[in-house]
Amino acid sequence: MKLVVVQFCLIFLLLTSSFFVPSTADSSCGGKCNVRCSKASQHEECIKDCNICCEKCNNCVPSGTFGNKDECPCYRDLKNSKGGPKCP
């Protein structure tokens with residue numbers, strides 16, 4: 001019985017600990033991309049692309065919801081497979 005209680009406590013601690021929760025994107029990228037994509041019609045796709053660009057460009061995301069790409073040349077210059085702009 002004691003072993004079951006100990007196992008339960010360990011599992012509970014592992015599941016509730018933020019230390020063991022993997023992050024899908026850097027928190028600074030996530031916040032910046034949420035702002036950048038807040039008015040996008042395809043919000044989920046915008047967030048995905050923005051996070052990729054942000055991580056590749058050392059957490060640089062232009063301010064605002066559109067334009068201002070000259071603030072982050074790396075972000076501005078990334079291209080998709082068709083040669084168009086990758087980053088929203």
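A polar contact is a pair of N or O atoms within 3.5 Å; within protein, one must be able to donate a hydrogen and the other to accept it, and residues adjacent in sequence count only if both atoms are side-chain atoms. Keep in mind that this is a predicted model, where local features need pLDDT of at least 70, side-chain atom pairs count only at pLDDT 80 or more, and totals for chains, interfaces and linings use all residues. Residues are numbered from 1 along each chain as its sequence is written, and side-chain values use heavy atoms, with hydrogens and water left out.

**Exercise 1.** Find the side chain that makes a polar contact with the side chain of Asp-49.

*Solution.*
- Step 1: go to helix 3, residues 43–56, where Asp-49 sits (helices are DSSP runs of H or I, at least four residues, and are numbered from the N terminus).
- Step 2: look for the partner, which is the side chain of Lys-86, at 3.5 Å.

**Exercise 2.** Work out the handedness of the disulfide between Cys-53 and Cys-87.

*Solution.*
- Step 1: check the bond, with S to S at 2.0 Å (a disulfide is a pair of cysteine sulfur atoms within 2.5 Å).
- Step 2: take the torsion about the S-S bond, about -100°, so this disulfide is left-handed.
- Step 3: see what gets linked: Cys-53 in helix 3 and Cys-87 in the segment after helix 4, 34 residues apart.

**Exercise 3.** Decide whether Cys-60 and Cys-72 are buried or partly exposed.

*Solution.*
- Step 1: recall the cut-offs: buried is under 20% relative accessible area, exposed over 50%, partly exposed in between (1.4 Å probe, protein chains only).
- Step 2: Cys-60 has 23%, so Cys-60 is partly exposed.
- Step 3: Cys-72 has 3%, so Cys-72 is buried.

Key. Helix = DSSP H or I, 4+ residues; strand = E, 2+ residues; numbered from the N terminus.
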